[in-house]
Amino acid sequence: MKATALAIVEYLLGFVALALFAFLAFGLGPATDDGFVHAFKVSGLVAAAELAFLFGRVKPANRLVLGANIWLIAGAAAAYLELWWWLRLYQQFGEASLFASMLIVGLASTWLSPSGFVAKLGPSNEVRRASLLLLASVLVALVIAVYFRGDVKYAAVLPVIALSWLNRLLRLRLSGMA
């Protein structure tokens, strides 16, 4: 029971920084450049704390959360250092930049980690297959983000939720094989 409760809390806390960013950037009225800078500064600090927590655990970190937090931390660093060119890149690519970050983390972890992109140990061919499926899904999410650019609900929120559920499903499937 305690392990299940801890797993649920960890799962819910996983995307807190990203949810905070969305609230600060879009939930307080019309999106503005100053609002984005503030959202990155605040949520980037939360993302750094989340990463510290994730790396302090024995289990592999959720790679989707890792990609999202790297995206937020890079945005926060750009905001604090006034690297406006970086924030303009984020603005130009819109929501797709988030999925590009997840894709980079996914590629690296699929090829360099025994737990793959799905962050679950299991038979190596099954971990690789599940990781490739998750990678393909992130690529689809990136295409969707480009298509629905500017519509946060369809370009970011729904794809992130779908990827999170798919990752959870793939991890459960790998648990059944162990």
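**View 1. Asn-167 sits in helix α8.** In this predicted model, Asn-167 belongs to helix α8, which covers residues 152–177. Helices here are DSSP runs of H or I with at least four residues, strands are runs of E with at least two, and both are numbered from the N terminus. Is Asn-167 buried or exposed? Asn-167 is buried, at a relative accessible area of 2%; buried means under 20%, exposed over 50%, and partly exposed in between, with a 1.4 Å probe and protein chains only. Leaving out residues up to four places away in sequence, Asn-167 touches Asn-62, Leu-64, Phe-117, Val-118 and Leu-134, where contact means heavy atoms within 4.5 Å.

Residues are numbered from 1 along each chain as its sequence is written, and side-chain values use heavy atoms, without hydrogens and water. Because the model is predicted, local features need pLDDT of at least 70 and side-chain atom pairs count only at pLDDT 80 or more, while totals for chains, interfaces and linings use all residues.

**View 2. Ser-131 is a buried residue of helix α7.** Ser-131 lies in helix α7, and its relative accessibility of 1% makes it count as buried. Which residues does Ser-131 touch, not counting those up to four places away in sequence? They are Thr-110, Gly-116, Phe-117 and Val-118. Look for Phe-117 and Val-118 here, as Asn-167 touches them too.

**View 3. Phe-99 belongs to the largest nonpolar core.** A nonpolar core is a set of buried Ala, Val, Leu, Ile, Met, Phe, Trp, Tyr and Cys residues joined through side-chain atoms within 4.5 Å. The largest one has 44 residues, and Phe-99 and Met-102 touch the most other members. Helices α2 (16–26), α3 (33–55), α4 (63–80), α5 (84–93), α6 (96–112), α7 (124–147) and α8 each supply at least two residues of this core. Beyond residues up to four places away in sequence, Phe-99 touches Val-138, Ala-141, Leu-142, Ala-145, Ala-155, Ala-156, Pro-159, Val-160 and Leu-163.

View 4. You will find Pro-159 in helix α8, buried with a relative accessible area of 7%. Setting aside residues up to four places away in sequence, Pro-159 touches Phe-99, Ala-141, Ile-144, Lys-153 and Tyr-154.

**View 5. Phe-40 is buried in helix α3.** Phe-40 is part of helix α3 and has a relative accessible area of 4%, so it is buried. Apart from neighbours within four places in sequence, Phe-40 is in contact with Phe-21, Trp-71, Leu-72, Gly-75, Ala-76, Ala-79, Leu-87 and Tyr-90. Ala-79 is 39 residues from Phe-40 in sequence, and their C-alpha atoms are 6.8 Å apart.

View 6. Among contacts with a separation of 6 or more, 67% come from residues 24 or more positions apart.
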